[in-house]
Amino acid sequence: MTDPSFLASLARALGVTRVARVTGLDRTGVEVACAVRPGGHVLQVCNGKGLTFDEAARGALLETAELWAAETVRPELLRWGSQEELEGTGTPVWGVDALGSAGQEVAPRLAGPAVRLAWREARELHTDTAVWVPAQGVYCPPSGTVALGPVSVAWTTNGSGAHPESGQALLHALLEATERDQLARALPEGWTEEGVVGRMLRPDRLEAEAPRTAALFERLQQRGFHAYLFDATPARSTRGAVGLPVAAAVLVDAEEGPVPLTAGYACALSRDEALLKALLEAAQSRLTDIHGAREDVAAADREAALGFAQACAEVRPRHRAEAMPELALKRTASAKARVDTVLAKLKRAGFTRVAGVALDAPLPGLHVWKVVVPGMRVSELL
């Protein structure tokens with residue numbers, strides 16, 4: 001649990017004017033909070049979810065802190081030059097084409113080895129050595145503040161994490177980047193008939209194999225929803241398969257209300273945690289659509305959503321949650337031990353380069369990380 005006084009201080013430091021409880025706008029019973037930050041550049045509203053409102057409010061503020069850190073650039077931390085110039089000094093450098101999880105290269109002619117741009121020092125996490133990465137993969141500053149060079153990267157929040165404990169923030173960032181990559185490998189064409197049929201989990205086995213998820217699953221059914229859970233973990237034979245459990249959840253309104261269907265995704269260290277987080281995210285997505293205050297959410301195709309809901313209803317699931325990976329870690333395992341476990345799995349999967357940037361935080365006692373993993377993909381399902 002995070003000290004309430006720390007969260008209050010964090011809200012003030014971020015410029016959050018209100019943390020609103022919007023749970024009552026829907027009937028799922030899942031707690032959802034909105035952190036409102038009028039001065040935000042990337043977003044002015046960030047959401048959080050949980051089984052309690054404290055969890056939801058904490059999540060909303062920590063997500064806001066991730067954006068604050070991405071928007072806040074200290075020029076003295078940047079190094080200007082071309083990739084060729086930096087490499088000429090013997091400095092390890094990863095070019096724009098190596099950003100992977102941190103942003104897709106969209107203008108190669110503006111990102112060549114001779115183009116001068118801003119760089120940010122990171123730590124290569126496998127070796128604990130310094131490496132320079134393009135600042136455009138780390139920051140998204142407001143216009144008219146700090147220039148980073150010719151815009152050649154589609155910046156993304158992917159691979160960010162904030163937490164009072166540094167190890168937990170880094171773990172969150174790594175799991176988020178892994179989730180988006182593994183989804184792209186497991187469902188490269190999005191949701192297909194094969195993916196729905198082959199990956200849907202048997203609900204009758206949930207209580208034994210994912211008890212916390214089973215409890216929420218049952219509550220949602222009682223409130224008038226159909227929930228469908230999926231094993232979105234890539235097959236072991238898939239190139240780049242990390243071996244961490246990845247879950248997907250689809251939540252369907254049995255009453256076919258204004259928001260007929262939403263989805264959620266998660267990667268975690270246990271199958272129950274991954275499935276529970278995916279289901280919570282699906283419920284949060286409903287409220288994101290309902291309250292309409294988040295600027296980056298577009299209206300869904302209602303007919304397509306109803307068609308997908310019907311397709312899910314017609315499946316007789318055979319897959320069991322027991323088939324999902326489960327890491328043999330003690331509940332008391334430290335954040336460092338968990339991070340080391342994830343890094344080892346990434347390395348075995350072929351992700352031999354993983355960098356982390358410790359970003360500025362709005363107040364002492366908070367840590368914000370951004371990870372850069374060359375070769376990782378970013379799923380468009382989210």
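Helix α4 is mostly covered, with 18 of its 21 residues buried. The model described here is a predicted one.

One part of the model is an open sheet of three strands, in the order β1-β2-β3 and with antiparallel pairing. The edge strands are β1, residues 18–21, and β3, residues 45–50, and each of them pairs on one side only. Neighbouring strands of the sheet are turned against each other by 25° on average, direction ignored. Strands of a sheet pair through backbone hydrogen bonds, either parallel or antiparallel. Here β1 and β2, the latter made of residues 31–36, pair in the antiparallel sense over four bridges. Within that pairing, Arg18 has Val36 of β2 as its bridge partner.

Helix α2, residues 53–71, packs on this sheet and touches β1, β2 and β3. The direction of α2 makes about 145° with that of β3. Helix α8, residues 271–291, lies across β2 and β3 and runs at about 140° to β3.

Thr288 is placed in helix α8. Its relative accessibility is 9%, so Thr288 counts as buried, the limit for that class being under 20%. The side chain of Thr288 makes a polar contact of 2.8 Å with the side chain of Asn47. Leaving aside neighbours within four places in sequence, Thr288 is in contact with Asn47, Arg294 and Val297.

Helix α8 also packs with helix α7, residues 211–222. Two packed helices are described by the angle between their axes and the distance between the axes. For α7 and α8 the angle is about 25° and the axes are 7 Å apart. That angle is under 35 degrees, so α7 counts as roughly parallel to α8. On the α7 side the contact is made by Pro211, Arg212, Thr213, Leu216, Phe217 and Leu220. On the α8 side it is made by Asp272, Glu273, Leu275, Leu276, Leu279 and Leu280. An α-helix has 3.6 residues a turn, so residues three or four places apart point the same way.

**Glu209**

Glu209 is found in helix α6, which covers residues 206–209. With a relative accessibility of 9%, Glu209 counts as buried. The side chains of Glu209 and Arg320 are joined by a polar contact of 2.6 Å. The side chain of Glu209 also reaches the backbone nitrogen of Glu322, at 3.2 Å. Not counting residues up to four places away in sequence, Glu209 touches Arg271, Arg320, Ala321 and Glu322.

Leu110 lies in the loop between β5, residues 103–105, and β6, residues 116–124. Not counting residues up to four places away in sequence, Leu110 touches Val115, Pro150, Val151 and Ser152. Leu110 and Asp128 are 18 residues apart in sequence, and their C-alpha atoms are 30 Å apart in space.

Val153 is found in strand β8, residues 153–155. Along the chain, Val153 and Leu110 are 43 residues apart, and their C-alpha atoms are separated by 9.2 Å. With neighbours within four places in sequence left aside, the contacts of Val153 are Val96, Leu99, Gly103, Gln104, Val106 and Gln136.

Gly375 belongs to the segment after β14, residues 367–372 being those of the strand. Gly375 and Asp128 are 247 residues apart along the chain, with their C-alpha atoms separated by 19 Å. Not counting residues up to four places away in sequence, Gly375 touches Gly100, Asp181, Arg185 and Phe351.

The table lists the accessibility of the residues discussed.

| Residue | Relative accessibility | Class |
|---|---|---|
| Glu209 | 9% | buried |
| Leu110 | 23% | partly exposed |
| Val153 | 7% | buried |
| Thr288 | 9% | buried |
| Gly375 | 54% | exposed |

Methods: Residues are numbered from 1 along each chain as its sequence is written. This is a predicted model: local features need pLDDT of at least 70, side-chain atom pairs count only at pLDDT 80 or more; totals for chains, interfaces and linings use all residues. Side-chain values use heavy atoms; hydrogens and water are left out. Two strands pair if DSSP finds at least two bridges between them. Helices (H or I, at least four residues) and strands (E, at least two) are DSSP runs, numbered from the N terminus. Axes are lines fitted to C-alpha atoms, for helices over the stretch in contact, and angles run from 0 to 180 degrees between N-to-C directions. Contact means heavy atoms within 4.5 Å. Buried means under 20% relative accessible area, exposed over 50%, partly exposed in between (1.4 Å probe, protein chains only). A polar contact is a pair of N or O atoms within 3.5 Å; within protein, one must be able to donate a hydrogen and the other to accept it, and residues adjacent in sequence count only if both atoms are side-chain atoms. Angles under 35 degrees count as roughly parallel, over 145 as roughly antiparallel, 65 to 115 as roughly perpendicular and the rest as oblique.
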